[in-house]
Amino acid sequence: MNFLTRKALYSRALYGGIWAAPLPIWLTVFFLGPIILLVLLSFWNVKSFVLTPDFQFGNWVKILSANYFWISYFRTIAFASAAAIIVTLVALPCSLAISFFFSDKGRITLLSLFVIPFFTSYLVRIYSWQIYLTENGIISQLLGFFTIPFDSLLNTPFALILGFVTLTFPIVIVIQSISMLSIDKTLIDAAYNLGCNSRRVFHVVVLPAAKPGIVIGALFAFIFCFGDFVTPTYLGGGKYTTLSILIADTVKSGQQWPRAAVIAIMMIFTLLLVALSSIAFAYRKK
Amino acid sequence: MRVSKNTRLMFKAYCVCIVLFLYAPIITNFVFSFNSDRFPTLPLGSFTWQWYHLAFADELLHEAFGNTLLIGLISAPIATFLGFAAAYADYRFNFLGKKILLVFALLPPLVPLVVVGLAMLAYLSRLGMSGTVEAIIVSHIVLAAPFAMAVIRLRFEQIDSNLEYAAQNLGASNWRAFYEVVIPSTKTAVFAAFLLCFAVSFDEYAVSWFVGGLHETTSVRILSFLQSAVSPRINAIGSVTFIVSITLILSAQILLMKRTKSI
Amino acid sequence: MSLKEDLTRRKFIKYGAIAAGTLAMPSLALSKTPTELTMLSWYGQAEPDAVQEFEALHNVKIKQKYYVGGEQMLALLAQSPPGTYDLIHADAEYVQQLRRAGFLEKLDAQDYSFDDYFPEFQNFPLHWHENELYAVLSRFGFLGISHNLDAVSVKEASTYKVLWDERLKNKVGHFDWHLPNLGALSLHNGNAAPFDLDEQAWQALQAKAISLKPQIRGFYDYGGILSSLKSGEVTVMPGIGEWITGVLRRDGANVVTTIPEEGGLQFTESFSIGKGSEKAELARKFIQYISSPAGQFKQATLNVFPAIIPSKKGWQKMVDERPEDAKHLGISFKPGSSMDMIREGRIHIRQLPKQQSLEDWNDFWSEYKSS
């Protein structure tokens, strides 16, 4: 049992420390600092459009008692949840196909195809969706061919979900696929050997094993959609005021960075809650 | 999974549909980048290269693109390394305060970009760093590292933790075990994380706008075009980035294929 | 190629390159690198068509940072070290805020061609504070109702009441900024000073706005307004002007801006020198150029959008050299010109609300968007 010697323990601790330290250090300096500043900022004042350090709760009271804040808050949660669920369901058959129904070569090709859009500007892709959805746009012309009446889909919840799926699909498929690809094939074979049909195998073996990937993917989708302002602005026409739009608006009202900070902190709290519960749910062992 | 041929076909057809959906805006982007009309409307106007000329002649865009590449190539490796380190530490060790560290490490993506931007700007300007390319790099690492950590952590889940112990039992030092066991099994995940970090940095517009000052990235340039000078120049830039990305991914794919072949 | 030919070829290339380099050297030595001048402005003020003339004259290179809203501009300035921006281009409402925050250098009115300006613009109040000048008026424009002629005629657009028209349900858009929109509705409510409202008038304005919400299709930024009006998503918008419709007409849209009977608003742009600028001298020259007839002529016909200029001499140049554009801008010495509209009192300067805080107006705007 020589690895219990002090030297071994010490070198183990050092080894562990080398790995555990870098990220927290970086984040403390370059992330915790700014966030603490942000929290402090939420107590500051804005006098004659100039930011002045202070300690007062005025901003918190103002925002938390504002009707429009809560409307935006729940609207954002609703949209982000809907989008996360929809994109997870949309991606699931694809990740299944990637993991089980394609050859190695096809798998890499398909994954690459799915992921490439992630590397092209999201802004440009959302901007490009407009021509499909607008009056006299592409969909309108197509439907017009079959004389189906068409009212512009721009500035509708449908457009928002469309944009959110565009935003989150690549990352969701990657996360789901990584998880599903790593499922132990012997487990599946065993299930078949025990007489299960494919549907049963899916429910009993594949789904539970892929749960972390599915849930984490949905979590990422929720987070991205929650904080995004591009889709609500350019496909939603600013009609559905989400929290991200609200922050921009709040800043426009006379440099109200403290109030924007309040909204931001509320967003952080919410996302933290959602993230922690999702991760716990994802990795919970039965 | 064993399924009927028809089911298999249905799934594959579904994937094709999804691919079409994902590429639909990219295709129209190409088409309209050659359209003479300033605003995208149907029917199409005449064919023209003018938007590409305008885009290529834009000095600011050259600078922005250079910045984007530089920032991506510096921040992605660092972010991947930080993410890997944290994922490995989480997977391998148990220590006091580990849960807190994990929560901490997952915090950055939870903060809305607009506010990260402002907070970083205020903070970095007190450090005398605001309006620099370094500021953007630093911010991007903060944003991307958690993703790298999450992706690599997922991979670690699947690795048999006994392998490393086995290597050590056979006499390997910590580092040797690491080199022989951990690196090979996580290579692909690390590469995927790297690409992810690069993509995050490449497309990031909100924070870059704030902390970059007069130094713009391609995404910042696109955003400012969207907000003010809406024109097919946006499409032209989008088309070029798309071609560049496809080339990158395809070459990466070829590299990967070669590697698996040689094993 | 044989070895001998190859060697000769290489020699030729080598000596040719040296010769070319030597020829290039003197010209390299002669041309001085241009001085850089930084500008913080609305989009378009630093484009080649705007600054090429000045750059060539003074061997200057203008480096710009564009913003898309006054608040953004203020935020940028607040977090940048002093002297980052030599020139600041702002809307009139922001000049006092900029001054108070210490971002502007004082200017000497003697330096600029105010004598060329119409009397109404020689002492523009929003640019002065306690007899000190902080900004030089560069151009202005009117805000009324912009509309697609296929859907709304000029006659219909001569009152803000048209916004509530049943036919236009879900076809009305807003520029996502409260000031011009609420100002327009305030004029519709009959307020003589649209931004100076007592509590009762302010409540009435809010109620009026809420009643408009069902008509609204969306809240757009600059790029969004252009797209939506062009595509026909939106056919009428209050609180904007020729700065939008002038641009869209160039691209073939059938749009125009009408100043309603109740009155219109005026937006005013100006240039200032940033505090701490190390190139204040050069910045001063730029602003001088802007206020000169040549610069004014350029300002009226900028690519980004055309606008009206305050210089009489500039007007003359416009009438002489660009009569069509001058006509659209109301630049003429005949009755019915833009100046006449101002003198008749039909135009009200857009400015910050007097009796409410800016936050009050913005909070209401957020509520309005959520209603």
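Predicted model: local features only at pLDDT ≥ 70, side-chain atom pairs only at ≥ 80, totals over all residues.
Me: Which helices of chain A supply at least two residues each to the side that touches chain C?
Reply: Helix H4 (67-101), helix H12 (243-252) and helix H13 (257-283) of chain A each do.

Me: And which one gives the largest share?
Reply: H12(A) does, with 6 residues.

Me: What classes of residue does that side of chain A have?
Reply: The side of chain A that touches chain C has 10 nonpolar, 15 polar and 7 charged residues.

Me: How many salt bridges are there across the interface of chain A and chain C?
Reply: The rule finds 4. Asp249(A) forms a salt bridge with Lys369(C). Their closest N and O atoms are 2.7 Å apart.

Me: How many residues does the contact take from each chain?
Reply: Chain A gives 32 residues and chain C gives 28.

Me: What area do the two chains bury between them?
Reply: Chain A and chain C bury about 2,500 Å². Of that, 45% is on carbon and sulfur atoms.

Me: New topic. Where is Ser228(C) found?
Reply: Ser228(C) sits in helix H8 of chain C, residues 222-231.

Me: Is Ser228(C) buried or exposed?
Reply: Buried, because its relative accessibility is 3% and the cut-off for buried is under 20%.

Me: What does Ser228(C) touch?
Reply: Leaving out residues up to four places away in sequence, Ser228(C) touches Tyr220(C), Glu233(C), Val234(C) and Met237(C).

Notes. Residues numbered from 1 in each chain as written. Chains lettered and ligands numbered in written order. Heavy atoms only, no water. Contact = heavy atoms within 4.5 Å. Buried area = accessible area lost by both parts, 1.4 Å probe. Salt bridge = Lys/Arg side-chain N within 4 Å of Asp/Glu carboxyl O. Helix = DSSP H or I, 4+ residues; strand = E, 2+ residues; numbered from the N terminus. Nonpolar A, V, L, I, M, F, W, Y, C, P; charged D, E, K, R; others polar. Buried < 20%, exposed > 50% of the residue type's maximum accessible area, 1.4 Å probe, protein only.
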